[in-house]
Amino acid sequence: MSAHQYDHGHTVAGWVGTGIATVGAAVAGAGVCFVSGVLIVGGLGIGVVALLVTWALHLAGWGKGPGIRPQAEWAWRVRDSAAGAGHDECLGCRLAGRRRTAGSGPVAEVAGSVPVRGDVSLGGEPEAAAAGADSGR
């Protein structure tokens, strides 16, 4: 078992977007070094392309939205089956018009009034119970 209990979100969309953005930053940096407006604008353009490619890959299922996922879906080459319906709290999905309905999944109250979606547990007991146990101290 790994030392962490959550997915870091490494995905095909993230790696491809980071690679393209790195090239764009290098081109823009060369433009600054050589005092070339063409290279600076070209590097910034490549950065915009990186953003659009990452967004398209995310919407195609090669990116993951924020939140807790089963350990079977942690690998970076695993396609996200929930991408078609959109991800909760995902700006990219909201911009594409993919919204989940309110109440799509279990909700737990953590620290009083903060709703948390998904299966949240800590050491076998629900997070709300664990948070409530320490609140009287």
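**Close-up views of a predicted model**

Read along the sequence, the protein follows the pattern α-α-α-β-β-β-β-α, made up of four helices and four strands. The model is predicted, and its pLDDT averages 75, with 64% of the residues scoring at least 70.

**View A: helices H1 and H2 side by side.** Helix H1 (12-33) and helix H2 (residues 37-62) pack at an angle of about 175°, and their axes are 7 Å apart. An angle over 145 degrees counts as roughly antiparallel, and H1 is therefore roughly antiparallel to H2. Sorted by class, the residues in the contact of H1 with H2 are 17 nonpolar and seven polar, with no charged residues.

**View B: the buried residues of helix H2.** Within H2, which spans residues 37-62, the buried positions are Gly 43, Ala 50, His 58, Leu 59 and Gly 61. The buried residues of this helix pack against two other helices, H1 (12-33) and H3 (91-95).

**View C: Val 35 in the loop between H1 and H2.** Val 35 is found in the loop that lies between H1 and H2, where its phi is near 50°, a positive value in a residue other than glycine. Val 35 is exposed, with a relative accessible area of 73%.

**View D: cysteines without a disulfide.** A disulfide is a covalent bond between the sulfur atoms of two cysteines, and a search of the whole structure finds zero of them. For Cys 90, the closest cysteine sulfur is that of Cys 93, at 3.6 Å; because a disulfide requires the two sulfur atoms to be within 2.5 Å, this pair is too far apart for a bond. Cys 90 is buried, with a relative accessible area of 8%, whereas Cys 33 is exposed, with a relative accessible area of 64%.

**View E: two stretches with pLDDT under 50.** Over residues 106-112 the pLDDT stays under 50, and the model has 15 contacts beyond four places in sequence for this stretch. Over residues 125-137 the pLDDT likewise stays under 50, and here the model has 11 contacts beyond four places in sequence. Where pLDDT is low, the predicted coordinates should not be read in detail.

Technical notes
Residues numbered from 1 in each chain as written. Predicted model: local features only at pLDDT ≥ 70, side-chain atom pairs only at ≥ 80, totals over all residues. Heavy atoms only, no water. Buried < 20%, exposed > 50% of the residue type's maximum accessible area, 1.4 Å probe, protein only. Contact = heavy atoms within 4.5 Å. Axes fitted to C-alpha atoms, helices over the stretch in contact; angles between N-to-C directions. Parallel < 35°, antiparallel > 145°, perpendicular 65-115°, else oblique. Nonpolar A, V, L, I, M, F, W, Y, C, P; charged D, E, K, R; others polar. pLDDT = per-residue confidence, 0-100.
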